[in-house]
Amino acid sequence: MTANLKIGAHLSIKKGYFGAAKEAFRYGMGAFQYFPKNPRSLSVKSFDLRDAEQCREFCLTHQIVSVAHTPYPSNLAIDRQVEPEQFQRIVMSLRNDLEIAEACGSIGIVVHFGTFKARNPLHGYQNIIQCINEVLLGWNGSSKLLIENQAGNHGDMGMTMEEMISVKKLCASPEHMGFCLDTCHAFASGLWPSNKNMDRYFSLKGSQLDYWEGLSVIHLNDSRYPGLSRKDRHARVGQGYIGEAGFKDLFQREALRELLTQEIPLIFETEPGEDGTYSEDMKKVQRWINA
Ligand SMILES: [Zn+2]
Ligand SMILES: [Zn+2]
């Protein structure tokens, strides 16, 4: 495979966005992910535009793809009627994340599908659509809102491709949206519960649903727990229940290979190797893809 693979990891912005980009370059990464602000807070950050622009220019020069990950409390399924202030806080925070991502030249902001605990799941989907519409109202940047599949550890929502597709379709500006596939979540939730049925449940279905077309980023994590465990516990690639065989199989899927030629970023959300870098994991993935 001759494609210019974009592999990297989630990096800290301790030294700013530009600092994270330089770190990615030092590690030989073709891509990286970052939190645009404190991952536990929804406060709007007045960010350093100069720092963001330096990040953008540097990534352009070195052909590094970056993507932002929104803070954890960004729950899209929040009920506007029940918690109007929290709804507004989430909307403002996500819009802020989008603006930071745009300034940094990032392809988008990853946000978890959403958690809705009340009785009627349909209401949860309506909330998600309402929230996304509010965030994207008047947005004309090129950074997209990327919804990520969930492991099932926060309720039943957001584990299937059908939900991703339907929500995107029903939103007012689907052109500003995309998907993030987390392989650990997909495996743990049962999207492909074992490597034997990856083709039928995952690859084929994704094509039938046009899921692959909307896929913008892959979180390349292995799973510490078996398929259908619904546990969100990442392991380094090849060191969990997906294992080397599972990832090798995944990278042989036609749809995936097509996305790799389009330079889709593959991001590790795991700890680095003993040398403090991701080079061992990056080399492994490169080997599996080219096998
Ligand atoms: Zn993830
Ligand atoms: Zn996770």
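Reader: What radius of gyration does the protein chain have, and what value would a compact globule have?

Author: The radius of gyration is taken over C-alpha atoms, and the globule rule is 2.2 Å times the number of residues to the power 0.38. With 291 residues, that rule gives a value near 19 Å for a compact globule. The protein chain agrees with this, at 18 Å.

Reader: What kind of model is this, and how are its parts numbered?

Author: The model is predicted: local features need pLDDT of at least 70, side-chain atom pairs count only at pLDDT 80 or more, and totals for chains, interfaces and linings use all residues. Residues are numbered from 1 along each chain as its sequence is written, while chains are lettered from A and ligands numbered from 1 in the order in which they are written.

Reader: How many helices and strands does the protein chain have?

Author: Helices (H or I, at least four residues) and strands (E, at least two) are DSSP runs, numbered from the N terminus. By that count, the secondary structure comes to eleven helices and ten strands.

Reader: Why do the buried residues of H2 lie on the same side of the helix?

Author: In H2, the buried residues are Ala52, Cys55, Phe58 and Cys59. The arc, that of the directions from the helix axis to the C-beta atoms, is only 130° for them, which puts them on the same side of H2. An α-helix has 3.6 residues a turn, so residues three or four places apart point the same way. The arc asked about is thus only 130°.

Reader: Which elements do the buried residues of H11 pack against?

Author: The buried residues of H11 are Asp281, Met282 and Ile289. They fall within an arc of 100°, so they line one face of the helix, and on the other side Lys283, Arg287 and Asn290 are exposed. The buried residues pack against strand E1 (6–10), helix H10 (254–261) and strand E10 (265–268).

Note on methods. A residue is buried if 20 or more other C-beta atoms lie within 10 Å of its own, exposed if 12 or fewer, and partly exposed in between; C-beta atoms are placed from the backbone. Two residues are in contact if their C-beta atoms, placed from the backbone, lie within 7 Å.
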